[in-house]
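Subject: Structure handover

Hello,

Here is the structure for your files. My notes on it follow.

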Amino acid sequence: MSNEHFANVNGQHLFYSVHGTGKPLILLHGGIDPNSFGNNLAELAKSRQVIAPHLQAHGRTPDTDRPLRSETMGDDITALIGHLNLGKADVMGYSLGASVALQTAIRHPDVVDRLVLVSAAMRQDGFYPEVVAAFKQLEANAATLGPGVKASPLGKTYPNVDWTNLFRKVGDLTKRPFDWSADVAKLHTRTLLVFADADAIRPEHMVEFWKALGGGQRDAGIDGSLRPANEFAILPNTTHYTLPVDPMLPEIVERFLGAASKAVG
């Protein structure tokens, strides 16, 4: 049986591939590149069934006239979980995919078991100012960036993508201010935050995100009984761009997803 499939959900012709066996993990790539996780996808699939969709306009999922928004793409992932009759699934995303994963949990908490957010911000100003400035230029630079990617190995892998359109739509998404901190504070989904030590996200924001999830409030006690239910990791010698392919990432994620929790709260 082929591991490549399409699901018609929310007016989208959503491509997804399936790897390995075990408890389902929905794995959501970052912006532009559907192969963000590199070899780590296969590593995660050694102990789980990894379901890897291509988000709207990315890879083998064609674009529609709908704008790119984390909220509507989160609705797509929820519809995919329903389409596959999974009930609940663990959901993990990186960068743009982390925003989609977070919105899936915020908008549809009943379909997400555990949540892994790799290099996520809960507000636009969580990114360094120069990153926000680059986001604001992305749409204007799409006509230059698109042909460059089209000629690259990534462009050859996905010849049907309109790269200029994709950069334009990702730029339209990333230039928009957002603040999900109130929703994060109400989240009951067990969550792991993972960041790079040289991320595009400010360390102050990482801690603020962690605190919004109930972390960083107190010492856990000698027996650990007061530790929060959620978890927080910063991987050394990584950047926003190397984090998803770092060999330490699957190990940390699997420990969180596979752990029999004794946490409170």
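Buried here means under 20% relative accessible area, exposed means over 50%, and partly exposed is in between (1.4 Å probe, protein chains only). Helices (H or I, at least four residues) and strands (E, at least two) are DSSP runs, numbered from the N terminus.

The model is predicted: local features need pLDDT of at least 70 and side-chain atom pairs count only at pLDDT 80 or more, while totals for chains, interfaces and linings use all residues. Residues are numbered from 1 along each chain as its sequence is written, and side-chain values use heavy atoms, with hydrogens and water left out.

β1 runs antiparallel to strand β2 (residues 12-19), and six bridges join them; two strands pair if DSSP finds at least two bridges between them. Ala7 has Leu14 of β2 opposite it. The two strands form a hairpin with two residues between them. Asn10 lies in the loop between β1 and β2 and has a phi near 55 degrees, a positive value in a residue other than glycine. Asn10 is partly exposed, at a relative accessible area of 44%.

Gln12 belongs to strand β2 and counts as buried, because its relative accessibility is 3%. Apart from neighbours within four places in sequence, Gln12 is in contact (heavy atoms within 4.5 Å) with Ala7, Gln56, Pro62, Thr64, Arg66 and Asp76.

A second residue with positive phi is worth a look. Ala57 is not a glycine, yet has a positive phi of about 75 degrees. Most residues other than glycine have a negative phi. Ala57 sits in the loop between β4 (49-53) and α2 (70-83) and is buried, with a relative accessible area of 7%.

Aromatic rings

A search of the whole structure gives six aromatic pairs. Rings of Phe, Tyr and Trp (its six-membered ring) pair if their centres lie within 6.5 Å; planes under 30 degrees apart count as stacked, over 60 as edge-to-face and the rest as tilted. One of the pairs is Phe37 with Tyr94, which is edge-to-face, at 6.2 Å centre to centre and 70 degrees between the planes. This pair links distant parts of the chain: Phe37 is in the loop between β3 (24-28) and α1 (40-44), Tyr94 is in strand β5 (residues 89-94), and they are 57 residues apart. Phe37 is buried at a relative accessible area of 3%, and Tyr94 counts as buried at 7% relative accessibility.

Trp210 and Phe232 are stacked, because their ring centres are 5.3 Å apart and their planes are at 15 degrees. Distant parts of the chain are linked by this pair too: Trp210 is in helix α9 (residues 203-212) and Phe232 in strand β8 (residues 231-239), 22 residues apart. Trp210 is buried, with a relative accessible area of 11%, whereas Phe232 counts as partly exposed at 28% relative accessibility. Phe195, Trp210 and Phe232 form one aromatic cluster.

There is also a charge over a ring: Arg114 lies over the face of Phe256, 5.4 Å from the ring centre. The criterion is NZ of Lys or CZ of Arg within 6 Å of the ring centre and within 35 degrees of the ring normal.

Leu138

Leu138 is in helix α4 (residues 129-138) and is buried, with a relative accessible area of 18%. Leu138 and Gly171 are 33 residues apart in sequence but 4.7 Å apart in space, C-alpha to C-alpha. Beyond its neighbours within four places in sequence, Leu138 contacts Leu145, Phe167, Val170, Gly171 and Thr174.

The chain as a whole

The chain has 10 helices and eight strands. Its radius of gyration is 18 Å, close to the 18 Å that the globule rule gives for 265 residues, so the chain is as compact as a globular protein of that length. That radius is taken over C-alpha atoms, and the rule is 2.2 Å times the number of residues to the power 0.38. Along the principal axes, the C-alpha atoms fill a box of roughly 55 × 45 × 30 Å. Buried residues make up 52% of the 265 residues. Among contacts between residues at least 6 apart in sequence, 75% join residues at least 24 apart.

Mean pLDDT (the predictor's confidence in each residue, from 0 to 100) is 95 for the chain, and 97% of residues reach 70 or more. Over residues 260-265 pLDDT stays under 50, and the model has 11 contacts beyond four places in sequence for them.

Regards
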